[in-house]
Amino acid sequence: MNQENRLKDPYYKSLTRKMLFIVIVVSLAPLITVSGIILNRFSVSYNEKLNAHLGELVLKHSQNIDGFLLEKLNNIRFMAGAFTVEELNNAEFLRNNLAALQTEYGSVFEDLGVVNDKGIQVTYAGPFKLEKARYSDAEWFRKAIKSDYFISDVFLGLRGTPHFIITVRQMSNGKPWILRATISFVAFNSRVENLRIGKTGFAFILNSKGEFQSKPGFEVVHGKSYSFYESIKSGIKTKDGVFFSEMADDSGKENLYVASLIKNGDWLLIYQQDKSDAFSDLTHAKQIALFIILTGGIIILITALLLSKRMVARIVQADLEKELMNQQVIEIGKLASLGELAAGIAHEINNPVAIMVEEAGWVHDIMEDGQFSSKENKDEFERALAQIKTQGTRCREIIQKLLSFARKTDTCIEDVRINEVINDVISFCAQRAKFSNVVIKSKLQENLPVISLSHTEILQVLLNLMNNALDSLEKRGGNITLTSLLEGDEMVISIADDGPGIPRANLARIFDPFFTTKPVGKGTGLGLSICYGIIKKIGGEIDVRSVVDAGTTFHIRLPCRRND
Amino acid sequence: MDELRVLLVGDEREFLEILLKRLLKRGIKVAGASSGEEAIKIIKETPPDVVLLDVRLQGMDGIHTLREIKKIGPLVEVIMLTGHANLEIAVEGMESGAFDYLMKPTDVDELLYKLEDAFKRKTIQEQKIRRLEKLKGSERG
């Protein structure tokens, strides 16, 4: 299996997913938390700051407007107090006074007039023809006649343009008279209009009925009814008397309202600004934060993706290398077992060779005597030659056995009859078993199906297990039983000995590489791990059951497809 | 000086027989035993001077047999016959009191030398013992 295919393996896929998830969570969580907290703190403090700033601004403007109104009132009060009604009833004198006021304050004062107790304007100075105008029914007159001074709401009046008036009441000969001055709406309005912030921030004034007292700079979409006035007055009120409220207008735009009462509570100076405009800096900051989070998020996502992919690729590589190493260990083990086998076989060859050498020596001994022709010696020659031939044949058989094993060291998959392999193993080990006083028995099921696997590998596994069994029985002899049988779709091969058994502490570790109980130099500790590797590779199972002093049994289960 | 008497112990019949023949031809009094147990029995009845012992034996193994022999007759010299693969057993045998070891296949002349060496040693040992016994006897006397 190559690396590409491996990456599609569910195990590696889930590993990639887990890594991706962890990296994203660990990286994004602090980013979002920190940005969130900072943004929240910033937004709260910006809100407070903006409100404080607007509150102060509105307060200052209301004081400014109040101051303007008071100043104009004082101008008129001074005039009413300084001159008698007779002097003021002189139209020429009144005109001069108006001219003096206009010189001093610009076009703030539009006109002046003296109104008697019947509500008739006795004298008038100004651009309109309002002499003898009757104000007895006008609302302002009814209020003005009752108090020392009075400032009216903005109204259209007789002249038909918006204006408001300031009146001062004086007594002459037991009868009240009123000096009234018209304040130019334009002049007044500019003071309110001056209050402009940002793109949408502007101010206007409402009276207690909710009517405009100034010209709003922008279209105020609210009906500007009494309810609007009330709702602004019901907003949050600071100790300076500034009201804060937020409302959506008819178009759904969220507006910010800051208001303050002026003219002794008659009028309300209202500052209105589109919320998005007022908080444009905050919105901007939010956008930057969002941009950073998004960009960071994307970078993190890409990094996490690349990182986890690369890491998993590395892991796959490492796993592949590990498998390759296992494969190499198996190869080495194969060589080692071949070496062991070779040593055993060399020993087996030694015996017939020794006999042949002795027979040849015997023939030589007879020849030295010089008696070739005697019948007895001739028979002896023939016997010796026959013996040499027999022993030579024995050598040849042993060598052929070794060759057949060496030839099959390649791991090609072939149809293997397991019983034949078991019989081979038994014959390989027969000699050794004989000298260790071990009896090898076999209980092989007849007509087992052939099984597709490497002949060498299964031989190696069985030889290894057999050698282990023989090792365990070396000291005192015993029995080894080899069994083969079919269980469903599985071929079960077992090798059981009645040796000393494996202590429980070691049982779990016997398949670990390099685990050995043999003295240094005797065992590599690779045998069983190689067996395990081979059986796993084939797709089988190997397990062990062992009871101390009763014996050990290895079971190998091999999957087999029935070919018949 | 007595004649050299040898006991050959080995479980491979063919090998045992031919070696017996060759040694007999050289005028050595030699008997054969096909197992450790049989060898012990023979040694108990008619003790030989030297035992040529194949270490690979069925039943009682070579080392075991060697120790038994040394128990019954400490003066009986033992030469071990080993294959290439079990030099360790040779070492163990030497430690257990064997006179020497020989590797199969053997050269018959070398075998003869070793047998004679072993016999010589045994004879010297016996002479020493006899001398000591004589001394002991005279002291008592």
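Contact here means heavy atoms within 4.5 Å. With that in hand, here are some notes on this predicted model, written as points to follow on the structure above.

1. Start with helix H5 of chain B, which covers residues 108-140. Which residues of H5(B) are buried? They are Val108(B), Leu111(B), Leu112(B), Lys114(B), Leu115(B), Ala118(B), Phe119(B), Lys122(B) and Thr123(B). An α-helix has 3.6 residues a turn, so residues three or four places apart point the same way. Keep that in mind as you read through the list. The buried residues of H5(B) pack against helix H1 (13-25) and against strands E1 (5-9), E3 (50-54), E4 (77-82) and E5 (100-103) of chain B.

2. Look next at the loop between E5 and H5 of chain B, where Pro105(B) has its place. The peptide bond from Lys104(B) to Pro105(B) is cis, with omega near -10 degrees.

3. **Where the two chains meet.** How many residues of each chain take part in the contact? On one side there are 26 residues of chain A, and on the other 22 residues of chain B. The area buried between the chains is about 2,200 Å², with carbon and sulfur atoms giving 52% of it. Ten residue pairs are in polar contact across this interface, with both residues at pLDDT 80 or more. On chain A, helices H9 (280-369), H10 (375-407) and H11 (418-435) each supply at least two residues of the side that touches chain B. The largest share, 15 residues, comes from H9(A). Sorted by class, this side of chain A has eight nonpolar, eight polar and ten charged residues.

4. **Salt bridges between the chains.** Five salt bridges are counted between chain A and chain B. Glu380(A) forms a salt bridge with Lys21(B), with the closest N and O atoms 2.5 Å apart. Glu380(A) counts as buried at 16% relative accessibility, while Lys21(B) counts as partly exposed at 26%. There is also a network of salt bridges that links Glu358(A), Asp365(A), Arg22(B) and Arg26(B).

5. **Salt bridges within a chain.** Over all chains, the count comes to 32 salt bridges. In chain A, the side chains of Lys253(A) and Asp274(A) meet at 3.8 Å, N to O. Lys253(A) lies in the loop between strands E8 and E9 and Asp274(A) in strand E10, so the pair ties together parts that are 21 residues apart in sequence. Lys253(A) is partly exposed, at 43%, whereas Asp274(A) counts as buried, at 11%. In chain B, Arg67(B) and Glu92(B) form a salt bridge of 3.6 Å, N to O. Arg67(B) lies in helix H3 and Glu92(B) in helix H4, so this pair ties together parts that are 25 residues apart in sequence.

6. **Inside chain A.** Chain A has 14 helices and 17 strands, and 41% of its 564 residues count as buried.

7. Most residues other than glycine have a negative phi. Lys132(A), however, has a phi near 65 degrees, and Asp549(A) has one of about 70 degrees. Lys132(A) lies in the loop between strand E2 and helix H5 of chain A, and Asp549(A) in the loop between strands E16 and E17. Lys132(A) is exposed, with a relative accessible area of 55%, and Asp549(A) is exposed too, at 60%.

Note on methods
Residues are numbered from 1 along each chain as its sequence is written. Chains are lettered from A and ligands numbered from 1 in the order in which they are written. Side-chain values use heavy atoms; hydrogens and water are left out. Helices (H or I, at least four residues) and strands (E, at least two) are DSSP runs, numbered from the N terminus. The expected span of a helix is 1.5 Å times one less than its number of residues. Buried means under 20% relative accessible area, exposed over 50%, partly exposed in between (1.4 Å probe, protein chains only). Buried area is the accessible area (1.4 Å probe) that two parts lose on being put together, summed over both. A salt bridge is a side-chain nitrogen of Lys or Arg within 4 Å of a carboxyl oxygen of Asp or Glu. A polar contact is a pair of N or O atoms within 3.5 Å; within protein, one must be able to donate a hydrogen and the other to accept it, and residues adjacent in sequence count only if both atoms are side-chain atoms. Ala, Val, Leu, Ile, Met, Phe, Trp, Tyr, Cys and Pro count as nonpolar, Asp, Glu, Lys and Arg as charged, and the others, Gly among them, as polar.
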